[in-house]
Amino acid sequence: MVEDIEQMAFNIPDSVLDDIQQNIQDIIRNFDVPEENKLEIIQQINFMYTRTKYLSMTDELTGLFNRRSFENTFEKEFLRAARYSNKLTLVMFDIDHFKQINDTYGHPCGDYVLQQVSNAALQTFRKTDTVFRFGGEEFVVILTETDIQQSIIPLERFRKTIETLGLKYQNQEISVTVSVGACQFRNEFLTKEDYLQKTDQALYEAKNTGRNKCILY
């Protein structure tokens, strides 16, 4: 039952979830039952609500924020950069030849690689940066208060970190690299979709000019 409710909640806006939670609590407080029972029910609802919100914004496999979370965060950062001229760099990266890893070693190995790359990203980027699993083997990072020149060092550090991970899965050594595209916010981007598309072009160029490299726009 809890799982069914969680799945239904994934597509409900956070503001609506907040209203539902508050309304349920108000109804329970008016029940003609002992006060300690009311508190227990409210605690259970709050736990389920918190878990539901967490799962709705988190990728289950990697523990990173998911695409829904990215859409919410990116819109806020895009509007903030447009209004206040804040420095902002958007990064997209994906794992090179990931299909080949799945085909050669199996999907459980692919999942292992996704988890290890995600962990490396969390360890490499700043706490003020946010890493998202965008879909499949593709990831997005929002670098706040960072222009494109300032992004060079952390992006190259991350690329080299992945290149030298030295992963092993069931005694099989697995070589992994990533291609990285990054783009600094500019006033010419009228919509966040324009900005995302330009960053995706940078990633596309990285993948089509040899992979295992960073392309900065």
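Contact means heavy atoms within 4.5 Å. This is a predicted model, in which local features need pLDDT of at least 70 and side-chain atom pairs count only at pLDDT 80 or more, while totals for chains, interfaces and linings use all residues. Residues are numbered from 1 along each chain as its sequence is written, and side-chain values use heavy atoms, with hydrogens and water left out.

**View 1. Overall fold of the protein.** The protein has 8 helices and 7 strands; helices (H or I, at least four residues) and strands (E, at least two) are DSSP runs numbered from the N terminus. Of its 217 residues, 41% count as buried, that is, under 20% relative accessible area, with exposed over 50% and partly exposed in between (1.4 Å probe, protein chains only). Among contacts between residues at least 6 apart in sequence, 68% join residues at least 24 apart.

**View 2. Packing of helix α6 on helix α7.** Helix α6 (residues 107-124) packs against helix α7 (residues 148-163) at an angle of about 145°, and their axes are 10 Å apart. Axes are lines fitted to C-alpha atoms, for helices over the stretch in contact, and angles run from 0 to 180 degrees between N-to-C directions. From α6, Val117, Ala120, Ala121 and Thr124 make the contact; from α7, Pro154, Arg157, Phe158, Thr161 and Ile162 do. These residues divide into 6 nonpolar, 2 polar and 1 charged (Ala, Val, Leu, Ile, Met, Phe, Trp, Tyr, Cys and Pro count as nonpolar, Asp, Glu, Lys and Arg as charged, and the others, Gly among them, as polar).

**View 3. The aromatic pair Phe125 and Phe158.** The structure holds 15 aromatic pairs; rings of Phe, Tyr and Trp (its six-membered ring) pair if their centres lie within 6.5 Å, and planes under 30 degrees apart count as stacked, over 60 as edge-to-face and the rest as tilted. Phe125 and Phe158 form a tilted pair, 5.2 Å centre to centre with 40° between the planes. The pair links distant parts of the chain, 33 residues apart: Phe125 is in the loop between α6 and β2 (130-135), and Phe158 is in helix α7. Both Phe125 and Phe158 are buried.

View 4. Phe65, Phe70, Phe74, Phe78, Phe132, Phe134, Phe185, Phe189 and Tyr195 form one aromatic cluster. Arg67 lies over the face of Phe134, at 3.9 Å from the ring centre; a charge sits over a ring if NZ of Lys or CZ of Arg is within 6 Å of the ring centre and within 35 degrees of the ring normal.

View 5. Glu188 is in the loop between β6 (178-184) and α8 (192-208). Glu188 counts as exposed because its relative accessibility is 54%. The C-alpha atoms of Glu188 and Ala82 are separated by 9.8 Å, and the two residues are 106 residues apart along the chain.
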